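Trainee: Could you walk me through how to read this model? I would like to start with contacts.

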Amino acid sequence: MDTRKQELKDRVEAKSKRVEARIKELKADASEKSRKQAESLQKELSSVRDRVGAGYENLKADAVDKLNDWLRD
């Protein structure tokens, strides 16, 4: 894997772990607002995982752009 794709992979994995931690925090809160936020983050995370499902080596330019947009948020 080239260094740019490895860097992207590392950044995506790091943010994914932060999002997973936030989902756990939100699930610990019983409010409806927190539940909805957790569901939204879970959908976002699932979408990211779907994009990289075939591996980072096989990512198309549009998928890389979408991942970079997600990383900027």
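Mentor: A contact means heavy atoms within 4.5 Å. Here, leaving aside residues up to four places away in sequence, Asn68 touches Leu8 and Arg11. This is a predicted model, in which local features need pLDDT of at least 70, side-chain atom pairs count only at pLDDT 80 or more, and totals for chains, interfaces and linings use all residues. Residues are numbered from 1 along each chain as its sequence is written, and side-chain values use heavy atoms, with hydrogens and water left out.

Trainee: Where is Asn68 found?

Mentor: Helices (H or I, at least four residues) and strands (E, at least two) are DSSP runs, numbered from the N terminus. Asn68 belongs to helix H3, which covers residues 61–72. Overall, the protein has three helices and zero strands, giving the pattern α-α-α along the sequence.

Trainee: Does a label go with accessibility, and why does Asn68 count as buried or exposed?

Mentor: Buried means under 20% relative accessible area, exposed over 50%, and partly exposed in between (1.4 Å probe, protein chains only). Asn68 counts as buried because its relative accessibility is 19%. Ser34, in helix H2 (residues 32–51), is also buried, at 6%. Leu26 and Asp29 are touched by Ser34, not counting residues up to four places away in sequence. Across the 73 residues of the protein, buried ones make up 30%.

Trainee: What is the place of Glu57?

Mentor: Glu57 sits in the loop between H2 and H3. With a relative accessible area of 48%, Glu57 is partly exposed. Glu57 touches Met1 and Lys5, again not counting residues up to four places away in sequence. Glu57 and Lys5 are 52 residues apart along the chain, yet their C-alpha atoms are separated by 7.1 Å. For the protein as a whole, 57% of the contacts with a separation of 6 or more come from residues 24 or more positions apart.

Trainee: Which residue lies over the face of Trp70?

Mentor: A charge sits over a ring if NZ of Lys or CZ of Arg is within 6 Å of the ring centre and within 35 degrees of the ring normal. In this case Lys15 lies over the face of Trp70, at 4.6 Å from the ring centre.

Trainee: And what does the C-alpha trace span along its principal axes?

Mentor: The span is about 45 × 20 × 20 Å.
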